[in-house]
Amino acid sequence: MIFETILDDLIPYNKDYKEALYNLKEKSPGVQKSNSGGWHSENILNLMSFTSLKRVIQYTIQKENLLNNVDFHSMWGNINPTSSWNERHNHSGYALSGCYYIQIGFTAGNFLIEEDDDYFNLPSTTEIVPETGMLILFDAEYYHSVNTNLSNYDRISIAFNIGKK
C-alpha cells in the first residue's frame, strides 16, 4: 500500500516546523541512519512543536481507513542539503511509515518505494516527485530511498513509524 496526498491545512505551519528543526540541528549533531550527507534528528515524537502534524496525520490515516489503531512509535526530522540522499532501507516491525515534506526544491530528489507484496514477482518501484505539503504513507516493510538533492535548497521533511506488526 502506498498513499500520497497534499495536506493543504498544514502548509502554513511549515515555517514553524522548519524553524524547530533548524533549532534542533544547532543543538544536536543528529544520528546516522540512511542519511548520506544530511542531518537526521533524534526522536522528536514528544515535542510540542509537531503536535499539529501528528494530529493531521492521524486524522488522514483514520479518514482513509489505512490503519485502525494509529499509534506513533517514532518521528524524526531530516535536513538534506545539496548533494545528499537517503540510502535504500526499510522499517520492518512497524505497520506504516511515512514522510511529510516541509520544504522541497524542484530537483531535490524523488522518493522511491519498492512494493513487494508478491513472492512470485520482482518488486515494482514507484517513483514519487515530492511537493511541499505532501504526505507519503506506505507499508513499513517496503524498501525505499530518496534520490540525491540536486537543488540549491535543503530538502526538509519529517518521517515517522506507526504501529507494531
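Which residue stands opposite Phe111 in β10? I found Val146 there.

**Ground rules.** I am working with a predicted model, where local features need pLDDT of at least 70, side-chain atom pairs count only at pLDDT 80 or more, and totals for chains, interfaces and linings use all residues. I number residues from 1 along each chain as its sequence is written, and side-chain values use heavy atoms, with hydrogens and water left out.

**Sheet.** I followed strand β7 (residues 111-115), which four bridges join to strand β10 (residues 143-146); the two run antiparallel. Strands are DSSP runs of E, at least two residues, and helices are runs of H or I, at least four residues, numbered from the N terminus. Two strands pair if DSSP finds at least two bridges between them. I read the order of the open sheet as β2-β5-β10-β7-β8, five strands with antiparallel pairing. β2 (35-36) and β8 (124-128) each have a single partner strand, so one side of each edge strand lacks a neighbour in the sheet.

**Helix α1.** I looked up residues 14-27 next and listed Asn14, Tyr17, Ala20 and Leu21 as the buried ones (buried is under 20% relative accessible area, exposed over 50%, partly exposed in between; 1.4 Å probe, protein chains only). These buried residues line one face of α1, because they fall within an arc of 125° seen down its axis (the arc is that of the directions from the helix axis to the C-beta atoms). On the other side, Lys15, Glu26 and Lys27 are exposed.

**Glu4.** I placed Glu4 in strand β1 (residues 2-6). Glu4 is partly exposed, at 41% relative accessible area.
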